[in-house]
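Q: Please take a close look at one part of this model: the aromatic rings and the core packing. Keep it brisk and give the cut-offs.

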Amino acid sequence: MDKALQTMINNMPEKTGKSLDQWKSILKGKAFVKHSEGVNFLKKEHGVTHGFANTIVTLSKDEQHTGDNLVSNQYKGKEALFPIYEKLLSAINNFGDDVTATPKKTSVSVIRKRQFVLIKPATKTRIDLGLKLPGKPTTDRLGNSGPFGTMCTHRVQITSKNDIDQELIDWMREAYVKSE
């Protein structure tokens, strides 16, 4: 299991008042059609923060959809991109111990108090990295959010580990700082 996800699960009782298993029991009796309905239920009815609510709902959907399985499924047929994903997470995890990577079906949200990076294997040869950098102008490399819509303000297309240079790390760190 991803180290950040395991840390989040370990911190869940202290931060939310219940363990992951207790939250799963609460959600077991509910029949939410959409992921967001479960997240909103936990936020409104139980005062759970968005990051924890998203993780609880994701991990409660199906025991076979653990964080590791969600990520490995994203990279099926795109295995050459996985080292890029690992290098991105490694760089991001150096920003602070308050970073949480939350795998979803098609992407991984990276959250501080709110999402600041989104990692999505877009094609067999490219990862789209979404960044939350409100007010920052676009450039040839730091493009508009594209398919991410309002989830991110910018997108960088990554095709090689060499694309994870100091400029990109600085943008991710800026997004991290702004997400406080």
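A: What follows goes from the ring pairs to the core and then to one helix.

The model is predicted: local features need pLDDT of at least 70, side-chain atom pairs count only at pLDDT 80 or more, and totals for chains, interfaces and linings use all residues. Residues are numbered from 1 along each chain as its sequence is written, and side-chain values use heavy atoms, without hydrogens or water.

Start with the rings. Phe, Tyr and Trp rings (six-membered ring for Trp) pair if their centres lie within 6.5 Å; planes under 30 degrees apart are stacked, over 60 edge-to-face, the rest tilted. The count is five aromatic pairs. In one of them, the rings of Phe95 and Tyr176 have centres 5.5 Å apart and planes at 45°, so this pair is tilted. Phe95 sits in the loop between α6 and β1 (100–103), Tyr176 in helix α7, so the pair ties together parts 81 residues apart in sequence. Helices (H or I, at least four residues) and strands (E, at least two) are DSSP runs, numbered from the N terminus.

Tyr176 also pairs with Phe116, edge-to-face: 5.5 Å centre to centre, 70° between the planes. Phe116 belongs to strand β3, so here the parts tied together are 60 residues apart in sequence. Buried means under 20% relative accessible area, exposed over 50%, partly exposed in between (1.4 Å probe, protein chains only). Phe95 and Tyr176 are both buried. Tyr176 has a relative accessible area of 7%; Phe116 has 0% and is buried.

Elsewhere, ring pairs link Tyr75, Phe82 and Tyr85 into a cluster.

Now the core. A nonpolar core is a set of buried Ala, Val, Leu, Ile, Met, Phe, Trp, Tyr and Cys residues joined through side-chain atoms within 4.5 Å. The largest has 32 residues; Leu88, Ile119, Leu131 and Met172 have the most contacts inside it. Elements giving it two or more residues include α6 (82–93), β3 (115–121) and α7 (166–178). Beyond four places in sequence, Ile119 is in contact (heavy atoms within 4.5 Å) with residues including Tyr75, Tyr85, Leu88 and Ile92.

Finally, α6. Its buried residues are Ile84, Tyr85, Leu88, Leu89, Ala91 and Ile92. They cover an arc of only 160° around the axis, which puts them on the same side of α6. That arc is taken from the directions from the helix axis to the C-beta atoms.
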